[in-house]
Amino acid sequence: MAGIGFELRKLLNRDSYFSLVRAYAYAGLISSGPWVLSILGLLAIGLLPANADAPQHLMTQFQVSVTYLIMGTLIFTGLIQLAFTRWVSDRLFARETEPIMPNFAGVVLVTNLAGGLVAGVLAFTAFRGETVLYRAMMVCGFVVLSDVWVATIFLSGLKLYKTIVGLFAGGYSLSVVAALLLRGQGVEGLLIGYLGGQFFMLCGMVFIVLRTFPTRRLIAFDCFVPGAMFPSLIAVGVLYNLGIWADKIVFWLAPQTSSAIIGPLRASVIYDLPVFLAYLGIIPGMAVFLVRFETDFVEWYDKFYNAVRKGGSLQEISRMRDEMVFSIRSGLFDIVKMQTLSVLLMVVFAPAIFAKLSISGLYLPLFYVDAVAASLQVALLAVMNVFFYLDKRPQVLIITSMLTVLNFSLSIVTLHLGVAYYGYGFAVALLITLVVALLMLERKISNLEFDTFMLQ
Amino acid sequence: MSEPDRKPVADVGLLLEGTFPYVAGGVSSWVHQIITGFPELTFAICFLGSRRQDYGKMKYAIPANVVHLEEHYLNEKSSYTQIKSVAGDADMFGLNADLHDYFRNPQAQAVRGGEVLETIVGELNGRMDRSQFLYSQASWNYTTEQYRLRCTDPSFVDYFWTVRTMHAPIWMLAAIVESFPPVRCYHTVSTGYAGFLGALLKRRWNRNLVLSEHGIYTKERRIDLYAARWIADNRTLLQRNPTEAGYFRQMWIRFFEALGRMCYDASDQIIALYEANRLRQVQDGAEPGRTSNIPNGIDIVKFGALRSQRPADIPPIMCLIGRVVPIKDIKTYIRATRIIATRLPGFQAWIAGPEDESPAYAAECRALVASLGLQSNIRFLGFQKLTELLPQIGLVVLSSISEALPLVLLEGFAAGVPAVSTDVGSCQQLMNGLDPEDRALGASGTVVGIADPQAMAEAVLALLTDAPAWHAAARAGMARVERYYTQPLMFDRYRAVYASAVVPRQPPTAASVPAVCRKP
């Protein structure tokens, strides 16, 4: 599969400053597109002119409901995301494309049944006080969003980034328009509108998948056979999503930083908005990550394993290893440089922008810390990506477990330290995890030839 | 456990590599003959093969005095699955470096090398076990260092796997040493892995080791290895020197030479089939005082009786009796047939031997027969009973590029059939005699150069078309085989060999234990 690296290299090879900018812009768009669009979509619906039919508190209820849906489904589908993607790429590597589509259907069915069951139970217990329509929409939302993540990760595994971004743009536009039209019906109306858009987006994804892998079998469950998927990847998928959301969960549950919004759902007015806005600041870093790691690193990675397999000399193998190490190092440096610049720009311009959007200036300090934390997350993502390429699953498991534990515990610590420290839990957890991950990478990669030859 | 605690289950532990009972051929028949020839002795057999699927059913019925038979396949993936990086025993790998220096130059390092070898071999199930070789950093360091220092082939992955494939059986053999039932002496019928196993067994259990070599294993291996396509050779056209074997071939050859030397050093009696081979063994490192010759013997009564079944005229039929494998050079035989068939109408050339060992080569031979238009002259008979075959033919022919002491020539002689053979192994000695007394019996056939179809054809024609010469050769053959190559003669000699081998050895004294071993 030519993949994204190929297209990026084509852009880079045109050898002009403009083509370089285009390559990075393109990479930024496809790497950050889905979640930027999600955040922007939610903000857009929230910023719809409030009127008598849809007062501000309904908007907040809607946003919090969807945020919980997104978090819940990301953690829930974390069970399957990486493990199933790996299963699919193994099939692709073995050139067995036939079982892919039926198994995708199988995964979707299992996700729907399990997700529907979890959401259904919650609807009848925790959400007992809410309207039937709201509860029905939340159950539907849980199922639809779960499917959206499964389909998204599946399409990213196929490197169909452009398609994903296109679908998200279309889906979220539809969500915003539908929510606008239905906002007269209260929070239920907004949810129906939002989910309608998401549902059409999902249909588009399924259509793409069907078109890519035509099949005669409707459904299969080969990937659920014990041993077909790596248990470590199942754990990593859950832990990574849990690790990323841990600080938010802590602040939502703490009485001093949160308030009840709807049913059992709580939100933290002071914590949430800065975090989500900060994520918009990592678009440049994500672009660099994609360009450096999908072109330079993958190139040397391929050359290294080709040298190993196709009879290169030991010197050649070592040289490829060194080049690979160099590409990792310079890629990480570029991310750091780019994110430093991004954070500086945010520091300079945030006060003005916050004022323009009539967001309180009190959010600013937390926003800065979160901007740094999100930047560290890009670097961590890059290191994890290298581990995935080298197929070091135990290391990724350690890293994600560490992130989860640290983010939970340090966020709780900052909660007790006081407002000035909010956000530092998340940032320090990421910093420690990143340093440990880099040390592990250092050790693994210095032994790479030994591992590759002796321990296979 | 020491040897006195173990009650022997058999008199002789036979170590057989790629032969009896799974492969038909000269050595296998000989093994069968020895086992059945000593009904008063019991045998325990350890068969070493490459992979189970390379062998079919047993080609021989197992005689009643074989009390134990076990099979091991050296090239099969072991079930040893626990892959875990270990640091490696630095001391052992230091000794390992010395050991390989010794292998490279045995004369210069003889004393130290022997001690080091003794130490490492003693630790094959201990400080130098399989995981040390497969998964240790020290092993990796030594392998990469050697690659940098010596390997002339660029491909590291091929070097790495050549080293692994080559050495992996050593630990399998080390495990066999512990599990093989106790016997009163060991008898290996080749050097190579079986011979090395013999050396290990002798060292571990302090029993005598007898080595009988039919061919010279390392020499035969060398021929196989030069022809083997599975050995990588990554030199480019410009780097390649056709007179020099690729580095991996050289590695394999040196490896088997080292195994051979260890077997010679450990063997108490080294028995060759004929003088040329004994000299070769001495040259390869065998101590002359332990070497001797015991030629093969055949059942003179059984084959002598066939003379009466012969037709009055000489049948215009020659027969190659042997497996259809490259070493027998069947293609030269087929080309010679082409020449003879043109000049001798009604001439038949038969090939009596199994074709399953090297199906690709057999197919090539059949294709050659077809392309030379010899379908009506050449018959592939498969495995044949010699007592039925020999009375029908006029000549036994061997076109091999390597032979030891081919029994089929002797059996042919006994049945009154002269022979034409390439000048390999003992053929010169069998045809023309060794000492003056033997020579006086006359020529029992003709010896020609290898890979020379023209010379072979001329020799066959000369015998088949000249009745007095044929009858003279037949008479000389009958006389020679009766005087020098009968079974009773051979059994008497081996009886003496076994009699001295089964005697328990003196336990090693403290003084004879090499200094290296006494280190804590």
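Colleague: In this predicted model, at what angle do the axes of helix H13 and helix H14 of chain A cross?

Modeller: Two packed helices are described by the angle between their axes and the distance between the axes. Here the axes of H13 (residues 393-417) and H14 (residues 424-446) of chain A come within 8 Å and cross at roughly 155°; since angles over 145 degrees count as roughly antiparallel, H13(A) and H14(A) are therefore roughly antiparallel to each other. Their crossing is right-handed.

Colleague: Which residues make the contact, and how do they divide into nonpolar, polar and charged?

Modeller: Among them are A:Ile399, A:Met402 and A:Leu406 of H13(A), together with A:Phe426, A:Ala429 and A:Thr433 of H14(A). The residues of this contact divide into 15 nonpolar, 6 polar and 1 charged.

Colleague: Turning to chain B, what is the order of the strands in the open sheet of 6 strands?

Modeller: Strands of a sheet pair through backbone hydrogen bonds, either parallel or antiparallel. In this case the order is E10-E9-E8-E11-E12-E13 of chain B, with parallel pairing. Strand E10 (378-380) and strand E13 (445-448) of chain B stand at the edges with a single partner strand each, so one side of each is left without a neighbour in the sheet. On average, neighbouring strands of the sheet are turned by 20° against each other, direction ignored.

Colleague: Which strands does helix H12 of chain B touch?

Modeller: Helix H12 (residues 330-343) of chain B packs on the sheet, where it touches E8, E9, E10 and E11 of chain B, and its direction makes about 175° with that of E8(B).

How values were computed: Residues numbered from 1 in each chain as written. Chains lettered and ligands numbered in written order. Predicted model: local features only at pLDDT ≥ 70, side-chain atom pairs only at ≥ 80, totals over all residues. Heavy atoms only, no water. Axes fitted to C-alpha atoms, helices over the stretch in contact; angles between N-to-C directions. Helix = DSSP H or I, 4+ residues; strand = E, 2+ residues; numbered from the N terminus. Parallel < 35°, antiparallel > 145°, perpendicular 65-115°, else oblique. Left-handed = near helix turned anticlockwise from the far one by under 90°. Contact = heavy atoms within 4.5 Å. Nonpolar A, V, L, I, M, F, W, Y, C, P; charged D, E, K, R; others polar. Pairing = 2+ DSSP bridges.
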